[in-house]
Amino acid sequence: MAEGSKQCIVMIDAFERYEKLIRAQAKTFKLKFRPSQDTSLSTLFVKLNSECEEWPSVDMDESYSLTVGETRLLQSNSIWGILRGLETFSQLIRVESSGEVVVNETVIEDEPRFSHRGILIDTARHFIPLTIIYKVLDGMAYNKMNVLHWHIVDDQAFPYYSYTFPDLSRKGAYNPATHIYTTEQVLSVIGFARDRGIRVIPEFDTPGHSMSWGKSQPGLLTECYSNGKFNGNYGPIDPTNEKNYPFIKSLWTELKQVFKDDYIHLGGDEVSFYCWKTNPKITAWMKTNNMTGDYAKLEQHHIQKVINISNEVGFNYIVWQEVIDNGIKAKEDTVVEVWLPPTDKELEKVTAMGYKALVAGPWYLDYISYGKDWEKYYTYEPLNFNGTDEQKKLVLGGEACLWSEYVDSTNLLSRLWPRASAVAERLWSEASVNDTTAATPRLHQHRCRMLKRDIPAEPLWIGHCEYEWDNY
């Protein structure tokens, strides 16, 4: 540690973690005696100029400077910049064919272009074990990504164990004994992420995508009718049942105590109006409240209630774009995540309304195809839409989304990496860094690096790595 540096447990843990990574990379090094005047690098001095923040945030400073030469110094005003700089330094190290470990002399001044560089994982369509989630977070650190968007529950399953409403997972999880995330496990994920400079933002999607919630909460979901009778099916959360909102507030209050980030993702996408239209109680309520036939306004009633609850418990919030597309008037500090095409037109509209935005649609990694699909992720430019400079400042970044209809612990990591690495570089580097030919050898090298770090990243094309994956 350099003279005058601040320090904290996150930095000490990072030193130990990166020392292990570097030693593992250089394990073929052969000991050689060197003259006393030799200039070989034996120590990298690290200087943290400010006290450590407890948790990463949307406003965290990830900039750093790294000098390797006569001066050997990594310096940052933030612990998060130190973490990014350590990752860069670890990537500069290479092993020559002789077995000698070398680092080129260099001076680097670096910072990300976008503040939100995320990965979405979906633990509802398939349960993802903690060991794989930890590997996702390790991979994110190796790619300097900083937000885990945890789509933790959905129609299919409710694996989040709520100590306030334990029946949610008891009745909604695939297996309440084995396929849940306890409070201690969630906190472990959050802490593991924090140590790598990664925020964890949970998504609890309403009023749609909530079938698993209704298994334990009578009256939460809308009863669907056929020929004037309940037909046994259920639709989205019933916005007209006022008893639902105290339940949501109690759950949100718990989430605010468990999750450490300022933000929650409220969902709001893919809300089918069909069941609402068939339900006579909802029809009567809408007539009484002067919104007959306006189901977007009914959705707005629910979303506004949930937004107010989020504000009351202390959450800022993110929503999917349909919330805005359906005419809902959200607060001006709302963050809108864009996933439906055409992305550029939607970004133009959302930012013109003054909302902050995230890009997701061009980076849906669950859409797989034969060949080099990473190239289309790499060449998509988030700010290539018609808008003023002020509008473009509202784009916080984006997320590579891996929905899990066809993904579980057997293939999540290999499907994620290195395809998400292309997104990571797009969100970190300048817009001019967009040449796929130049990126290919760099991405191949990084893929090999991830293999050695126990991340089973799939190949880009024909070739080999000196270390091949065999950890089965």
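1. In this note, Ala, Val, Leu, Ile, Met, Phe, Trp, Tyr, Cys and Pro count as nonpolar, Asp, Glu, Lys and Arg as charged, and the others, Gly among them, as polar. The model is predicted: local features need pLDDT of at least 70, side-chain atom pairs count only at pLDDT 80 or more, and totals for chains, interfaces and linings use all residues. Residues are numbered from 1 along each chain as its sequence is written, and side-chain values use heavy atoms, without hydrogens and water.

2. Three cavities of 30 Å³ or more are found in the whole structure. On a 1 Å grid over the protein atoms alone, a cavity is a set of points where a 1.4 Å probe fits but cannot get out, whereas a pocket is an open set with protein on both sides within 12 Å along at least five of seven lines; lining residues have an atom within 4 Å of a point. Grid points are joined across faces, edges and corners, and a volume is the space filled by probe spheres set on the points.

3. The largest cavity has a volume of about 70 Å³. Its lining includes W55, P56, R194 and D261, and divides into five nonpolar, no polar and four charged residues. Helix 5 (183–194) and strand 9 (199–203) each supply at least two of the lining residues; helices (H or I, at least four residues) and strands (E, at least two) are DSSP runs, numbered from the N terminus.

4. The second largest pocket has a volume of about 710 Å³. Of its 24 lining residues, Q25, V95, Q445, C448 and K452 are the closest to its centre. Helix 17 gives the largest share of this lining, five residues.
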